[in-house]
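User: I am new to this structure and would like to learn how to read its features. Could you take me through them one at a time?

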Amino acid sequence: MIIKAADYNVTPNCPIEKQLSDLFRHLAEIDGEKTLVFDAGDYFIDMKNSKSEMLYITNTVGDREFKKHETPHNGKVALNLKSIKNLKIEGNGAKFIIKNGKATNAVIQNCENIEINDIEIDVEKPDIQELRVISIGRHHVDFELDKNTEYEFRNGKLYFTGPDYDVNVIKKYKVAYNLGCVKKATPNKIERVHYIFLQALKAKDLGNRKIRIYYINTRNFTVDDRYYTYGSRRQNVGIFVDASKNITLNNVAQHFNYSLAFVAQDTENITLNKLDFSPDKKTGRLVTSIADFIQICMCRGRITIKNSNFEGAGDDCLNVHGVHFKIKKVSGNTIIVRFMHPQSHNYNAIHSGDKIAFINSETLLESGTATVASSKLINEYELELQLDNAENARVGEVIENISACPELEFRNNIVNRIITRGLLITNRKKVIVDGNHFISNTMSGILLSDDASSWYESGMCKDVTISNNVFDYCGEAGILIKPENRTHQAAVHENIKILNNEFKGYNGACINAKSTKNLVIKGNTFANDDKLKTSNCEQIETDF
């Protein structure tokens, strides 16, 4: 069945908010396979005319980050797909431009068999500002603001303004640690800085989008360095996929995201092919996402990410992990467990029939397993689980849902200008990272983690192959294998193969591993002799 968006008055350069919402609701009512076809062109989605949704999105904003007058987790959505099955979207190059306020670009929730092809998403005048250094004096620095930044001076104070923000710049960012900086000498490297406003005394309008900021000293600045300011609250994401199955994106571009670019939770089988998460070249901006590009949490089946371009993230390129829930109460075969990090809560990805593992929070080792008979949220942070056997459950320890662990393939991608790590993987199913080009990561290219004390992101890695990748520059070890066990009793990670990779620029050892066994390192090329550093590892096989 072919459905043309134009037949529902969804056409380029026209108001489409209500029409688009009605169209997606109509698609949810149609059984069987269907194809939605858009005409090429620019579609403007005005947030002033869009409805709000309650969305609890993993690894985003915590309850305490909202202001008193705000409703937590209530935000606008531009493209809202809910309870739709067997839908193919042919975008034909359609570009959706979000204007007049912040929003989550797209939501795919309780959907099945969704394929989206050839669309582009951007934000008109987003809440991000670029300040380029144009001259330096002994006690002042002159900056030029990018063409999209709206600003004004009131009573001698600099404000950045927009549809839903009004920021006293020096006051707002005085102690901000997460501002971005791209230096002229290293245009592919983005790093976090705090000094741009920490020592700022006052600002002056020079006209023609130029401002002067006064400092005690100016030794940190260089002409043509670029600084980026943005809000760090992770409320609005790019594409959010929740409680869905068989989701495919082909040739989908996003040019700006207010926090993470793509988030999936409690979803089975995701294919991401030919994504382009990079700035619109017309803007000259070098940042695309304020936080991670892709976050995969407690998903299942197979996750495939290939042939894609990721450029300019304010956090990691990719995270794949589960959740360590802390055990709060044990009563017979009933246990109550809790989300421990404030930025992840109020969704239930533990299903009847799932297998959970009991994990010691000090050693990160497994002490037993159980099968879930039933699972329910009893409040925003706690779940009640009925198990077939809770004899290994201990209050204060944690559990991991080992059924909510996907296989991962990350292949033939470009990863550039990442402010932290390229990939953070903490996942016990089979992982393949092959044929990728890590151009610049301020921290490690790949981190194999696992923790039960900070982000509570699980779990152990048991089958990882990292092969045929190029690591141009990493501010830390190109590959860092670092479970966050506080006590080493035995290896946490195992069966990791690092094969035929090329390590170029880095600080310290190219490969750094702890609490790992069955580590194979062969066929790699290294920039110098600082190849491998280990701690509490066993059964290491190398060809050097």
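Analyst: We start with burial. Buried means under 20% relative accessible area, exposed means over 50%, and partly exposed lies in between, with a 1.4 Å probe and protein chains only. F221 has a relative accessible area of 7%, so F221 is buried. This is a predicted model, in which local features need pLDDT of at least 70, side-chain atom pairs count only at pLDDT 80 or more, and totals for chains, interfaces and linings use all residues. Residues are numbered from 1 along each chain as its sequence is written, and side-chain values use heavy atoms, with hydrogens and water left out.

User: How do I read a sheet, and what is the strand order in the open sheet of 7 strands?

Analyst: Strands of a sheet pair through backbone hydrogen bonds, either parallel or antiparallel. Strands are DSSP runs (E, at least two residues), numbered from the N terminus, and two strands pair if DSSP finds at least two bridges between them. Here the order is β15-β14-β18-β9-β10-β17-β16, with antiparallel pairing. β15 (191-193) and β16 (200-207) are the edge strands; each has a single partner, so one side of each has no neighbour in the sheet. On average, neighbouring strands of this sheet are turned by 35° against each other, direction ignored; the axes behind such angles are lines fitted to C-alpha atoms.

User: How many bridges pair β9 with β18?

Analyst: Strand β9 (residues 128-136) and strand β18 (residues 226-230) pair over 5 bridges, in the antiparallel sense. Within β18, Y227 stands opposite L131.

User: What is Y227 paired with as an aromatic ring?

Analyst: Rings of Phe, Tyr and Trp (its six-membered ring) pair if their centres lie within 6.5 Å; planes under 30 degrees apart count as stacked, over 60 as edge-to-face and the rest as tilted. The whole structure holds 22 aromatic pairs. In one of them, the ring centres of F143 and Y227 are 6.4 Å apart and the planes stand at 85°, so the pair is edge-to-face. F143 belongs to strand β10 (residues 140-145) and Y227 to strand β18, so the pair ties together parts that are 84 residues apart in sequence. F143 is buried at 0% relative accessibility, and Y227 is buried at 1%.

User: Which kind of pair do Y215 and F221 form?

Analyst: Y215 and F221 form a tilted pair, with 4.9 Å from centre to centre and 40° between the planes. Y215 is buried too, with a relative accessible area of 2%. One aromatic cluster is formed by F143, Y195, Y215, F221 and Y227.

User: Which ring does K202 lie over?

Analyst: A charge sits over a ring if NZ of Lys or CZ of Arg is within 6 Å of the ring centre and within 35 degrees of the ring normal. K202 lies over the face of Y214, at 5.1 Å from the ring centre. Elsewhere, the charged end of K531 sits over the ring of F544, 5.6 Å from its centre.

User: How many residues does the largest nonpolar core have?

Analyst: A nonpolar core is a set of buried Ala, Val, Leu, Ile, Met, Phe, Trp, Tyr and Cys residues joined through side-chain atoms within 4.5 Å. The largest one has 82 residues, and those with the most contacts inside it include F38, F262 and F410. Strand β6 (residues 85-99) gives the largest share of this core, 5 residues. Another core, of 27 residues, lies apart from it, with L131 and Y195 among them.

User: How do I read a hairpin, and what separates β11 from β12?

Analyst: Look for two strands and the residues that link them. Strand β11 (residues 150-154) and strand β12 (residues 157-162) run antiparallel, joined by 5 bridges, and R154 has K157 as its bridge partner. The hairpin has 2 residues between the strands, and N155 in the turn has a positive phi of about 50°. β12 is also joined to strand β13 (residues 165-168) by 4 bridges, again antiparallel, in a hairpin through 2 residues.

User: Where is N86, which has a positive phi?

Analyst: Most residues other than glycine have a negative phi, and most peptide bonds are trans. N86 is not a glycine, yet its phi is about 60°; N86 is placed in strand β6. At 26% relative accessibility, N86 is partly exposed. As for peptide bonds, a cis one joins S458 and G459, with omega about 0°. G459 is in the loop between β39 (446-448) and β40 (464-467).

Notes: Axes fitted to C-alpha atoms, helices over the stretch in contact; angles between N-to-C directions.
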